[in-house]
Amino acid sequence: MKKLILRQKYLIDFTLSSLKRRLAKNLGLLLVYTLIVFLLASVMLFTHSLRREAGIILESSPEIILQRLVAGRHDLMPAEYLDRIGRIRGVTRKAGRLWGYFYDPAVQANYTLMVPRDRDLGQQEVVIGAGIARTRGVDVGDFLTFRSSDGRAFSFRVVDILEADAELVNADLLLVSEGTYRDFFGIPADRFTDIVLQVRNPSEVRKVAEKLTVLLPDARPILREEILRTYDSIFSWRQGIVFVLLGGSILAFVIFAWDKASGLSAEEKREIGILKAIGWETSDVIRMKFWEGSIVSLTAFLLGFILAYLHVFYGQAALFEPVLKGWAVIYPSFNPTPFVDGLQVATLFFFTVFPYTVATIIPIWQASITDPDAVMR
Amino acid sequence: MIELDDVKKAFNQGRPNEFWAIRGVSLRVDANRITVLKGPSGSGKTTLLSMIGCLSRPTSGRILLRSRILSGLPERFLTEIRRKTFGFIFQQFNLVKGLTVLENVMLPAYPLGLDHQPLKEAALKLLGQFNMESKADSKVEWLSGGEAQRTAICRALINDPEILIADEPTANLDTRLSREFMAIIRDLKQQGKTVIVTSHDPVVFEYAGIDTVVEMRDGNLAEA
Amino acid sequence: MRLSDRLFIFIAACLALLVLAFVDAAVRVRLAEPALEARATLVRQLELTDLSLFTEARYTRHLSQSDIHTAFQDHPNSFDHFPSGSLVLPPSHLRVP
């Protein structure tokens, strides 16, 4: 046993010495390899953590939201629908929601205006999300002026800024009172944006939704489980342009690595001949190459993953910001909560370390079964 | 010690370019002797040497090492015998480039899985015997011809083999270094080694210390 | 020092960092629990349905509330104007034929 380990150590010594010979080339390979693992791992960690977080916090969303559709478009919900719903078994609370979008030409950003149910705001008072505060450069006590749908200027005093810690959900929120909201957008008192329904027993939600569609054929119920499912599938990390772009670079790397790992130069072949002639077994040569492949790929994996972890969970995934931000002016500033899925990490490990190692061994197999007397010829 | 019994070797057998390099050689090599295989290039001496050193197998005939038949043994055993019994000095020295002198000398012992420190000391001691200890950490491509050869000799001796095999060892050396090499060979014989050398260099086969000269021509032993 | 020993030290250090990353993740997830709870509370109070990650269009701002039938807006095969649309798929209930 001890002999076996000592033997592997010698083989590793030899492998490292031979890697050292072409130091620049091998370091370059390691660098590219590490970069690819870094990008893959960053995407994986980032999307997984967002998905988990979305799942956890949206668990508190309303059980059912009822939208009204007119000619296939989202329309305002008449207040009488609340009465038409009447009493459905299992529904413990029903209420109209008021929310909408407002485009602020001053900074070319879209806000989400909302009427909170738990705060009493005055006519000219507004509570803003931290993203808006940052973009507009305002603080508590400052004033914001917007032009309403009929052209009047509304001046609001910022009375509060929503918790910066929760920017993931509140970055672009702008909370106003119901009266102001209706006045600002010109929405009559008997209209809501949509209706929320609270259902205590989760097993009754589907039944309630069915009843609602029968009762109100022009309404569309959105269930909480659908919201959760949406967010669960949305950050499907295998998809998207990041992977398409990465696909190209991965392919380039595969070609490069394959060429590097699988092509044996005449010099390497000669070297294998020497090793065999001086008493190395075929299996020693293969093991030595196995170590070469494993060392390179394991190092790349470890470095890439550690860097990706630092990037995503300590560096706010700064490299992804341009992609996520897109055309949006308001972008939440947040450090993702480090949810790490061991299985995903293991998958990444397997797909980055295993193929490279195999690619290094296969050609050596052919070379090392040739007769050792080749060196004498 | 080594017996060859009607050994034949063909290359590309069964193909149009079939070529018989050895056409039936019977030979005895005694222990603790210096034997020189002499002959022009293409006479088959290197092929014969590689079969004696278990680097290749004869197409027909038998090779016996201490009355044990080698020719039929599987690859694994051949490698083991090669590692334990033979030390090789090649024509181009065949040192592994990029590695240090010390690493090159230790290379044949790597598969044995010995403790590192004693092995390193043994290698340094060997290098010391050949006045090479100051070069232990230099890369082999920076060595002079004589130094490279002494490195190759140290490498051949690291596993303490009984038989030393040298293929055209003086081909890349000037006369002075060739003489030096033969003196080393003579010393090794005095230490109890058996040496088999191929050469067409008069410095080698006319050297006083050698015991037997076997002349080869066209794959056969030339009748003396 | 032998190269293999140096490598072992290096790999061991990397592995230690890897383990440290997992430990760090576990600790920070635990420390983040109150913050997660606070976010969940905000979601409950304001009856929020979506993350404010992509604020450029309403179907990216409110993914789960987007219209089903509006032409060329949320169609699974529609070309996206926004980079975020390439990172985020249309909701699954829209992708079902």
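Analyst: Here is a walk through some labels and the rules behind them. This is a predicted model, in which local features need pLDDT of at least 70 and side-chain atom pairs count only at pLDDT 80 or more, while totals for chains, interfaces and linings use all residues. Residues are numbered from 1 along each chain as its sequence is written, and chains are lettered from A and ligands numbered from 1 in the order in which they are written.

User: Let's start in chain B. What makes strand S8 of chain B "mostly covered"?

Analyst: A residue is called buried if 20 or more other C-beta atoms lie within 10 Å of its own, exposed if 12 or fewer, and partly exposed in between, with C-beta atoms placed from the backbone. In S8(B), residues 194-199, six of six residues are buried. That goes for both faces: Thr194(B), Ile196(B) and Thr198(B) sit on one side, and Val195(B), Val197(B) and Ser199(B) on the other. (Strands are DSSP runs of E, at least two residues; helices are runs of H or I, at least four; both are numbered from the N terminus.)

User: How do you know that S8(B) pairs with strand S3 and strand S7 of chain B?

Analyst: Two strands pair if DSSP finds at least two bridges between them. S3(B), residues 34-38, has five bridges to S8(B), in the parallel sense, and Ile34(B) stands opposite Val195(B) there. S7(B), residues 163-167, also has five parallel bridges to S8(B), with Asp167(B) opposite Thr198(B).

User: Why are S6 and S10 of chain B said to stand at the edges?

Analyst: The open sheet runs S6-S7-S8-S3-S9-S10 in chain B, with mixed pairing. S6(B), 86-89, and S10(B), 220-221, each have a single partner strand, so one side of each is left without a neighbour in the sheet. For S6(B), there are four parallel bridges to S7(B), and Phe86(B) has Ile163(B) as its bridge partner.

User: What makes a β-α-β unit right-handed?

Analyst: The test: with the strands pointing away from the viewer, the path from the first strand over the helix to the second runs clockwise. S7(B), helix H6 of chain B (residues 175-190) and S8(B) make a unit with that right-handed label.

User: How many residues of chain C are in contact with chain A, and what does "in contact" take?

Analyst: Two residues are in contact if their C-beta atoms, placed from the backbone, lie within 7 Å. By that rule, 54 residues of chain C touch 65 residues of chain A. Helix H1 of chain C gives the largest share of chain C's side, 14 residues. That side has 31 nonpolar, 13 polar and 10 charged residues; Ala, Val, Leu, Ile, Met, Phe, Trp, Tyr, Cys and Pro count as nonpolar, Asp, Glu, Lys and Arg as charged, and the others, Gly among them, as polar.
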